[in-house]
Amino acid sequence: MMTYQRRTKDELAERVARDIFDGAYVNLGIGQPTLVANHIPAGMEVVLHSENGILGMGPAPASEDEDFDLINAGKQPVTLLAGGAFFHHADSFSMMRGGHLDICVLGAFQVSATGDLANWSTGEPGSIPAVGGAMDLAIGAKQTWVMMDLLTKKGESKVVKECSYPLTGIGCVKRIYSDLATLECGPQGLKLIDKVDGLDLNHLQQLIGLPVSE
Amino acid sequence: MTQNVPMINKISNSIAEALSQVRDGATVLIGGFGTAGIPNELIDGLIEQGARDLTVVNNNAGNGDTGLAALLKTGRVRKIICSFPRQADSFVFDELYRTGKIELELVPQGNLAERLRAAGAGVGAFFTPTGFGTELAKNADGSDKETRVINGKPYVLEFPIYGDVALIKAETGDRWGNLVYRKAARNFGPVMATAAKFTVATVHNIVELGTMDPESIVTPGIHVSKIVKIEHVATQAGGFKKAA
């Protein structure tokens with residue numbers, strides 16, 4: 001009988017943070033990826049980018065110090081670290097599109113084995129579409145990482161052969177950090193980086209429904 | 001004795017005066033992202049001014065029932081071009097969209113910024129990797145946008161967004177129209193200022209010519225038509241507590 005524990009959201013954020021290197025320029029997407037900032041090891045300098053024109057973004061301020069001219073992409077108040085800079089939107093997205101960011105961490109609805117990403121729309125009829133910076137982020141950074149639960153609430157794999165939800169970008173995801181395993185994706189399909197204790201590879205492949213090479 | 005009158009004076013005494021030239025059918029670029037950089041006073045002024053059949057370009061599509069949402073509510077906006085219309089409190093837009101009373105052109109945020117930049121920079125069109133292979137690489141009629149593979153990488157052809165008017169919020173200006181912004185309130189302001197034929201900026205401070213550090217001016221006055229001084233006020237934009 002196999003027993004294993006899913007990574008908690010914080011454990012997952014800690015796992016992602018472990019792969020971020022000193023001196024990296026990083027964009028953390030809205031939602032779960034924001035947690036990664038809390039786990040960057042002390043003594044390491046990582047420069048956080050926010051799409052609305054900030055490099056060197058710092059943590060949330062105390063409520064009395066909130067400044068609503070200084071917000072992140074999720075529109076929450078943040079701070080600016082010493083050495084930080086402001087710039088306009090076209091420059092901010094040039095930074096992404098131009099491949100100047102080292103790492104971008106995003107949430108996802110689905111990721112294909114070859115690295116296609118679907119994270120902006122469920123394609124539900126009647127829903128109001130909204131894309132924001134998702135498509136720019138997906139294809140812009142040197143490395144795009146996805147952080148998500150491996151399975152939906154219904155138990156279906158979010159890592160798929162082909163995305164059924166509308167695409168955000170093609171072949172853009174390099175790594176998937178999930179609550180059960182860390183996977184590399186690309187033209188050759190999925191490759192295992194690590195998995196939680198007690199979960200064997202066969203079972204992981206069954207959950208995903210796709211081959212995972214070691 | 002002749003009076004020494006400055007040749008260039010872009011300082012406007014009132015928002016009404018600054019906006020008097022906005023015509024029906026205009027494309028209006030409105031700065032701001034979240035609570036930062038939204039020119040609320042100019043949007044209120046535009047509502048009062050009464051121009052209709054407008055196309056509005058903004059990152060979002062209004063929050064609550066003030067500012068841009070209030071403008072949409074007047075029914076004078078025919079079309080909105082934005083990246084992120086759906087918000088927790090975008091009920092005014094949601095209703096107009098669901099009842100077919102407003103046209104939406106959804107644009108990835110970086111393409112939106114670059115299309116504005118292209119308009120201001122005289123670029124006829126540009127190839128961008130963003131959106132390739134997605135639903136947003138289609139035209140309004142459902143046909144595919146032009147694509148091209150350059151050095152092995154696929155791109156989509158995107159065209160500029162030209163504004164008739166830009167309404168932006170800055171922090172400090174002078175009578176030549178030079179501007180600096182405050183923190184992340186800069187966002188779309190500088191590119192929108194370049195992309196419109198007529199740019200109106202609100203500022204909190206107007207200073208004497210020569211006072212602003214020439215090395216630090218963000219928007220040179222050539223891109224600005226009028227500046228209007230407004231007071232610092234706490235607002236409720238976006239459902240947040242206050243804005244500087």
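## Two helices that cross

A helix axis here is a line fitted to C-alpha atoms over the stretch in contact, and angles run from 0 to 180 degrees between N-to-C directions. Two packed helices are described by the angle between their axes and the distance between the axes. With that in hand, look at helix 2 of chain A and helix 5 of chain B: their axes come within 9 Å and cross at roughly 120°. That makes helix 2 of chain A oblique to helix 5 of chain B (under 35 degrees counts as roughly parallel, over 145 as roughly antiparallel, 65 to 115 as roughly perpendicular, and the rest as oblique). The crossing of these two helices is left-handed, a word used when the near helix is turned anticlockwise from the far one by less than a right angle, with right-handed for clockwise.

Which residues make this contact? Helix 2 of chain A brings His89(A), Ala90(A), Phe93(A), Met96(A) and Arg97(A), while helix 5 of chain B brings Gln109(B), Gly110(B), Ala113(B), Glu114(B), Leu116(B) and Arg117(B). Residues are in contact if their C-beta atoms, placed from the backbone, lie within 7 Å. By class, this helix pair's contact has five nonpolar, three polar and three charged residues. Ala, Val, Leu, Ile, Met, Phe, Trp, Tyr, Cys and Pro count as nonpolar, Asp, Glu, Lys and Arg as charged, and the others, Gly among them, as polar.

## About the model

This is a predicted model, in which local features need pLDDT of at least 70 and side-chain atom pairs count only at pLDDT 80 or more, while totals for chains, interfaces and linings use all residues. Residues are numbered from 1 along each chain as its sequence is written, and chains are lettered from A and ligands numbered from 1 in the order in which they are written.

## The two chains

Chain A has four helices and 13 strands (DSSP runs numbered from the N terminus: H or I of at least four residues for helices, E of at least two for strands). The radius of gyration of chain A is 17 Å, close to the 17 Å that the globule rule gives for 214 residues, so chain A is as compact as a globular protein of that length. This radius is taken over C-alpha atoms, and the rule is 2.2 Å times the number of residues to the power 0.38. The C-alpha trace of chain A spans about 50 × 40 × 30 Å along its principal axes.

Chain B has six helices and 13 strands. Its radius of gyration is 19 Å, close to the 18 Å from the globule rule for 244 residues, so chain B is as compact as a globular protein of that length.

## Where the chains meet

Definitions and conventions. Two residues are in contact if their C-beta atoms, placed from the backbone, lie within 7 Å.
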